Structures are given as structure tokens and as C-alpha cells.
Amino acid sequence: MGGLKMISLEDVEDMSALTRAEIEALAEHDRISTFDAALMGDYMMHEHHGPQRVHEMICDDIRIALHKDDLKHARELFAVLRGFLAEHPEAARGMD
């Protein structure tokens, strides 16, 4: 018998439609674990208007960082947002 094999956080992140940085932004936004954010984010990316919601969540995080005068973090999140929009241009479209 080979025994039980556990799925790791890295496995979940690799199977997600999002990058690790995008997953971390969602975890920050909802104050949940990275594991839960990976699952939630992947689910959202397959839902109607899900990519737009992920876009909004990252933008919310940027606004919060700016409000706290944390320009370094705001820049990091902006880079995440740019990468997200480059990979998922449908997220920039308006919500119907």
C-alpha cells in the first residue's frame, strides 16, 4: 500500500487559474488562508463576472494600501493587477 498522499498548497496553487501573487491578494482581501483563497479564486474565475470580481478585490486592496500610505505595497498590488489584466483581459470589461 502506498499510503495516503496529501495535496499541498503548492499543488492547489499550481492547479488554480490564478498566480500565487493573485491568490495572496485575495487572501489579504478576505483575510483568509492562502489555501482557501486559491480555491475561492479558482472558483470565482469560472463564475459569471468572477474575473471582474477578482479585479475589484485587487483594486480594493490597492485603495486600502494607499489609504494607509503604504506605497510599496500599493505598487506591488498594482503589478499584480497589471499581470492579472494581461492574462485575463475579460476582467476589465464592465459588469453587465
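Close-up 1. Patches are made of residues that have over 30% relative accessible area and no salt bridge, with like charges joined within 9 Å and nonpolar side chains (Val, Leu, Ile, Met, Phe, Trp, Tyr) joined within 5 Å. Here, Ile 7, Met 15, Phe 35 and Leu 39 make a nonpolar patch of about 380 Å². Accessible areas come from the Shrake-Rupley method with a 1.4 Å probe, and for residues only the protein chains shown count as cover. Leu 39 sits in helix H3, where helices (H or I, at least four residues) and strands (E, at least two) are DSSP runs numbered from the N terminus. With a relative accessible area of 45%, Leu 39 is partly exposed; buried means under 20%, exposed over 50%, and partly exposed in between (1.4 Å probe, protein chains only).

What you are looking at is a predicted model, so local features need pLDDT of at least 70 and side-chain atom pairs count only at pLDDT 80 or more, while totals for chains, interfaces and linings use all residues. Residues are numbered from 1 along each chain as its sequence is written, and side-chain values use heavy atoms, with hydrogens and water left out.

**Close-up 2. Into the nonpolar core.** A nonpolar core is a set of buried Ala, Val, Leu, Ile, Met, Phe, Trp, Tyr and Cys residues joined through side-chain atoms within 4.5 Å. The largest one here has 22 residues, and Leu 18, Leu 26, Val 54, Ile 58 and Phe 84 have the most contacts inside it. Helices H2 (20-30), H3 (34-45), H4 (50-67) and H5 (71-87) each give two or more residues to this core. Which helix gives the most? That's H4, with 6 residues. Now find Phe 84: leaving out residues up to four places away in sequence, Phe 84 touches Leu 18, Glu 22, Met 45, Pro 51, Val 54, His 55, Ile 58 and Ala 91. A contact means heavy atoms within 4.5 Å.

**Close-up 3. Helix H2 and its cover.** Glu 22, Ile 23, Ala 25, Leu 26 and Ala 27 are buried in H2. Their cover includes helix H1 (9-15), along with H3, H4 and H5. After H2 comes Arg 31, with a positive phi near 55°.

Close-up 4. A salt bridge is a side-chain nitrogen of Lys or Arg within 4 Å of a carboxyl oxygen of Asp or Glu, and a search of the whole structure turns up 3 of them. Glu 56 pairs with Arg 53, their closest N and O atoms being 3.3 Å apart. These two are 3 residues apart in helix H4, so about one helical turn separates them. Glu 56 is partly exposed at 31%, and Arg 53 is partly exposed at 32%. Arg 63 and Asp 60 also form a salt bridge, at 2.6 Å from N to O, and they too are 3 residues apart in helix H4. In helix H5, Lys 72 and Glu 76 lie 4 residues apart, about one turn, and their side chains meet in a salt bridge at 3.1 Å. Lys 72 is exposed at 59%, whereas Glu 76 is partly exposed at 37%. Why does this spacing work? An α-helix has 3.6 residues a turn, so residues three or four places apart point the same way.

Close-up 5. Gln 52 is in helix H4 and is buried, with a relative accessible area of 9%. Its C-alpha is 6.5 Å from that of Ala 92, although Gln 52 and Ala 92 are 40 residues apart in sequence. The side chain of Gln 52 also reaches the backbone oxygen of Glu 90 at 3.2 Å.

Definitions and conventions. Polar contact = N/O pair within 3.5 Å; in protein donor to acceptor, adjacent residues only side chain to side chain.
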